[in-house]
Amino acid sequence: MSDSSEQRPSDSNSYEYDVFISYSTQDKGWVRGELLTRLQDAGLKVWIDFKDVEIGAPALEDLAGAANQSRKTLLVITPNYLKSKWTSYERYLLQAQDPRNENRRLIPILKEACDVSASFGFLNYVNFTIPDEIDIAWTQLLTALGKPPAAPLPQENTPRQWLLAHPYGMSPHFTGRVAERQMLSNWLNQDSQHPLLVLRALGGFGKSALTWYWLLHDINRQQWRQVVWWSFYEPQADFNAFMREALTYLSDREPGDMPPRQQLDQLLDLLSRSPILLVMDGFERELRAYSSMGAAYQGDELERTGHQTDRDCINPHAERFLHDLSSLPQMQGKVLMTTRLRPRPVELTGGTLLQGCREEELTQMQPADAVAFFRSQGIRGNRTEIETACADYGYHPLSLRLLSGLVVNDFRNPGDIKVAQWLEDLTGDLVQRQHHVLEQSYQSLVDSRRQLLSRIACFRSPVDLNILEAITKPPASPEAEPQKIGWFDRLFNRSPQPALRRRVEPEDSPIQDLQADLQDLIDRGLLHYDRSNQRFDLHPIVRRYAYDRMGNPERTSAHQQLRDHFIALPAVEKVQTLADLTPVIELYHHMVRSGQYDEAFMLFRDRIVDALYFQLGAYALQIELLRALFPQGEDYPPQLQDQGAQAWALNALANSYSLNGQPTQAVPLFEQYVFIGEKREDKTNWAIGLGNLASMAQLPIGALQAAEANLHRSIAHCQEIEDEFDEAVGHQELGRLLAYWGMGTEAEAALGKALELFEKGNAVQAQGVVWAYRSLNALLQVRIGDTQAAATALAAAEQSLQLADETALDKRYVYPVRDYVRSHWLLGAAHRVNGNLEQSDHHLSEALTRDRAINMVDHEADILLDLARLRVDQGQPEAALGLAAEAEAIAERSGYVLQGADVQLFLAEQALARGERAEALKYAQKARQLATCDGGEYTYKVTYEAAGRLLQQLKC
């Protein structure tokens, strides 16, 4: 096959007729009636004897001339046709020049059953003799003539009572998959042991199409009245949004301000009691491996990290949902997940699936289904020929759709399966052959359609027709368009000069060409069209290939045009949800992809960071966006011209990692930030970097010696440049470190110095943090036996909350969400040690609610552990163990050494209280190991000594 349809000789104008019909006049009723009508309705120019013979001309010459001037000849084979001497002469005449029909100009039609072995046995024919396959026969015939009928729209009668949040735009010609559909039905209706089914397959195996078709055609709607279909491929369709929408639908009540964890508990409770079906399509987008902004372009090859975390969920609530769903007994509801990767939370150590989880892997399309799929598109060929062609591609559904598109749209022999045999260079392993058919499909396009496909590939998600029309519309003539302004001016709302006049587009604008191009891409299986939402999308494999085919100048130009489109969209005045940020995030994406990293950085700093970081607590999304500024990886500086901007981006990314429960990943980024400050002799940022490295990364992971050294260096730099505010921050964080270190008096002195400097500068918000740390120091003193410190802890926490209230009313500050979490946590803990259990419950619950509302992972384990201690005091040991288990999971996943030590100590104490000395010993040993930190004097002293005492008691 040639590389491009532009290079093929076009003979569409070299023939006077499209079709010549050779038939027996005894069969004229059907030929002159239905056959001729169908051909003409398809837009074909037909030569047929009763109306096209030239009166007076020699019949044989007229017949020969007509046949030679027709692109294709139909042979209508019946017993009458085989008996006729005249049709025998026609056959001889037509076959003489091409005995083997290598140019495929002869198309036999078997209209009535008869023996064709002698004359036409070597040719594939269109079979009209099977009553149940008449529609297939017409499709094959019209396809062979280059006029394939429009594919029928999938019949989808969707129940109104179901929540189909993101309807799947079904492609035409979905066929069979009977075995897979039966497997799904058996699981749903008969498998009571596995509430979770993971349907896993590599890209292109039709997971979404199979599941959607099964959902709408095979499920008993009377039995399964509540169904949710959710696609994680959609923008802002993350797990938190899934929980909220599913809970609203299932309970008929919006969650309101209910925290995500409580939503999760309610969702699991509903599943345990009711026959509910949840379908989670494309769940790999919730895994670390596919969580970046480039996920839409990712194939199945993964760059494994050193910690093998590819299959971890990015959302801790998703992890808990999958774990509990697969562990809790007697679930009435069912959850079906499609994914490229199996999520790690459904496994035990070693990879064994949890009891309630079942996994099925899709490996190929069944041969019979593949044959039916090809025939439904009008492709001619016997079963063996079609199966042989499909086997070359491992019955990979996406490859077969592309292959069928090549066959149907072949210029010379449309619809003939032998086209598949003529593909060039069909060598290599299975993956290479699957790649090859995609390459051939792409190369068969004219340049304009290649460009359109690649431009659509620039979008990370489905795109509306009106956007495609806007970006493919040619610009108005220079004298007719308004004065242009740059994107930077539009970004900052600088007004253009008044327009002189606007050109009126003619009715025959290129929009019609665009629609024809889109339809051709759909017909070839390269483009997916969702009719219900009128959006176009690409399979990730196709998107990646088409995107990679663009040269750098072309790619940059495309993203610049898309950037201009999103700049022109009006900005949301007040961001309230992540959805409000969608246009500006798309703008950011296209800036990055067009190589405009500095402009993207300014956009992020000025219009994105405040909402994500302070208001929404969307730390995972902030990480995703910031990582796009590091095209060479995080071991290298961000792709920004200004070193100050590089430092800002490094610090922001490190902060986000820390708050998202990934302090270990924050360490090298903070170190790069410190290095830039030192290299530039920028002692302000140098000091800030040292302080952040110590307090946000090293202290949580137990690197106490390095944290102390860096805090002292930070304070020294600030004193040298007389930066009293950042010096105070250094004393504040040193005070917290000393408190954990067990040096209560020294901690109080450092915190007192910080408070003095903050009061001098009237830094109200910072004063509140110091009072919170004073409360923390006092609580640690209570744990080593200083009962008088309990009152100090309570008074300091109350002062911290009061200052948070003052900060909230001060317009100079961002609303102090984190300060409120910290204050309520410590106030709840202080009330408990003072015996005020009701007040303790109120404040700890408030802290957890606020914490989870912004995914404040760095404090969650502490709050959960104090709630566990409270439940013990309230006489609820089972509830206490559940809370401690949650805290343990967070501490282990995040590498929080100090929090982990406290949790292990608590579990040891509770095991001993139950009389389980072996369990208590195990937990106490682990607590002691974690609390050792750097060893020597650098231990988490309170827990280290408590664990030591407990170990001595257990050894007696």
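Visitor: Which residues does Leu612 touch, leaving out those up to four places away in sequence?

Guide: First, remember that this model is predicted. Leu612 touches Leu578, Leu581, Phe604, Gly617, Ala618, Leu621, Gln622 and Leu625, with residues up to four places away not counted.

Visitor: What is the general idea behind a nonpolar core?

Guide: In soluble globular proteins, nonpolar side chains tend to be buried together. Here, the largest nonpolar core has 175 residues. Phe374, Tyr588, Leu612 and Leu629 touch the most other members.

Visitor: Which helix gives this core its largest share?

Guide: Helix 27, residues 643–659, with nine residues. There is also a second, separate core of 64 residues. Leu184, Val228, Ala237 and Ala289 are among its members.

Visitor: Which residues of helix 40 are buried?

Guide: Ala920, Tyr923, Ala924, Ala927 and Ala931. They lie on the same side of helix 40, because they cover an arc of only 100° around the axis.

Visitor: What covers those buried residues?

Guide: The cover includes helix 39 (897–913) and helix 41 (941–955).

Visitor: Which exposed residues sit on the face turned away from the buried side of helix 40?

Guide: Ala918 and Gln929.

Visitor: And what follows helix 40?

Guide: Cys933 follows, and its phi is positive, near 55°.

Key. Residues are numbered from 1 along each chain as its sequence is written. This is a predicted model: local features need pLDDT of at least 70, side-chain atom pairs count only at pLDDT 80 or more; totals for chains, interfaces and linings use all residues. Side-chain values use heavy atoms; hydrogens and water are left out. A nonpolar core is a set of buried Ala, Val, Leu, Ile, Met, Phe, Trp, Tyr and Cys residues joined through side-chain atoms within 4.5 Å. Buried means under 20% relative accessible area, exposed over 50%, partly exposed in between (1.4 Å probe, protein chains only). Helices (H or I, at least four residues) and strands (E, at least two) are DSSP runs, numbered from the N terminus. Contact means heavy atoms within 4.5 Å. The arc is that of the directions from the helix axis to the C-beta atoms.
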